[in-house]
Amino acid sequence: MQLGKRERFFVQLAVFAVAAFCLLQFGVFPVLADRKRLQKSIDLKEKGLVEMVRLSQEYAVLKERSHTAENVIRKRPPGFTLFSFLEKAAGKAGVKRHIKYMKPSSAKGEGGWKETMVEMKLDKVSLKRFMDYLVLIELSKKAIQLRRCAVTENKGRKGTLDVVLQVVTYEAP
């Protein structure tokens with residue numbers, strides 16, 4: 001079968017078109033799709049790495065704080081108790097006579113640490129004396145923290161407060 005010049009040109013053009021289509025469809029397009037997929041994967045991995053670095057830094061800060069708190073707890077004088085500390089601080093702040101009750105409790109924590117808590121109620125205490133008492137507790141450098149504080153105005157005596165506090169500390173194993 002003899003093909004004319006024109007038919008040969010169209011056959012060659014068709015073969016070229018099919019070859020180009022196959023090359024693009026099975027060669028170039030998959031490579032570009034893989035490249036795009038790989039780029040997305042790299043972006044996700046970079047974001048994950050940034051997050052891991054941030055979490056690592058946060059962990060280091062928290063670990064340092066925990067060691068600092070642990071050192072503070074271990075440096076407390078022997079025989080330190082939260083109950084007696086709060087009682088002495090109440091005397092210094094002038095709220096000792098306003099103490100209605102103090103209820104100590106303790107629980108076993110993680111790693112052998114013992115959590116000690118004192119719940120106390122202050123009746124008819126002035127705002128200034130209460131604030132002085134809070135300052136003595138919070139700035140004591142004894143690793144003591146205020147867990148809960150409920151303040152209400154005293155109904156019987158204007159200008160005074162009724163306060164329920166939960167104060168917590170930890171003791172080393």
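This report covers the strands, salt bridges and a charged surface patch of a predicted model.

## Strands and their pairing

Strand E4 spans residues 161–171. This strand is mostly covered, with nine of its 11 residues buried. E4 pairs with E2 in the antiparallel sense, over 10 bridges. In that pairing, valine 118 stands opposite valine 167 of E4.

E4 also pairs with strand E3, residues 144–153. This pairing is antiparallel too and runs over nine bridges. Here glutamine 145 stands opposite valine 168 of E4. In a regular strand the side chains alternate between the two faces of the sheet.

## A salt bridge between strands

Side chains of opposite charge can pair when their charged atoms come close. The count for this model comes to six salt bridges.

One of them joins the side chains of aspartate 123 and lysine 100, at 3.6 Å from N to O. Aspartate 123 lies in strand E2 and lysine 100 in strand E1 (residues 99–108), so the pair ties together parts that are 23 residues apart in sequence. Are the two partners buried or exposed? Aspartate 123 counts as buried because its relative accessibility is 19%, under the 20% cut-off. Lysine 100 counts as exposed because its value is 55%, over the 50% cut-off.

## Salt bridges within helices

Helix H1 covers residues 5–74 and holds both arginine 37 and aspartate 34. These two form a salt bridge, with their closest N and O atoms 3.7 Å apart. They sit three residues apart, about one turn of the helix. Aspartate 34 has 39% relative accessibility, so this residue counts as partly exposed.

Helix H3 covers residues 127–138 and holds both lysine 128 and aspartate 132. Their side chains meet in a salt bridge of 3.0 Å, N to O. The spacing is four residues, about one turn of the helix. Lysine 128 is exposed, with a relative accessible area of 58%. Aspartate 132 is partly exposed, at 29%.

Salt bridges can also link up into a network. Glu51, Arg54 and Glu58 are linked in this way.

## A positive patch

Which residues form the positive surface patch? They are Arg97, Lys124, Arg129 and Arg157. Lysine 124 belongs to strand E2, which runs over residues 114–125. Its relative accessibility is 40%, so lysine 124 counts as partly exposed. E2 is also the strand that holds aspartate 123.

How values were computed
Residues numbered from 1 in each chain as written. Predicted model: local features only at pLDDT ≥ 70, side-chain atom pairs only at ≥ 80, totals over all residues. Heavy atoms only, no water. Patch = residues over 30% accessible without salt bridge, like charges linked within 9 Å, V, L, I, M, F, W, Y side chains within 5 Å. Areas by Shrake-Rupley, 256 points an atom, 1.4 Å probe, with all protein chains shown as cover. Salt bridge = Lys/Arg side-chain N within 4 Å of Asp/Glu carboxyl O. Lys, Arg positive; Asp, Glu negative; His and termini not counted. Charge placed at Lys NZ, Arg CZ, Asp CG, Glu CD. Helix = DSSP H or I, 4+ residues; strand = E, 2+ residues; numbered from the N terminus. Buried < 20%, exposed > 50% of the residue type's maximum accessible area, 1.4 Å probe, protein only. Pairing = 2+ DSSP bridges.
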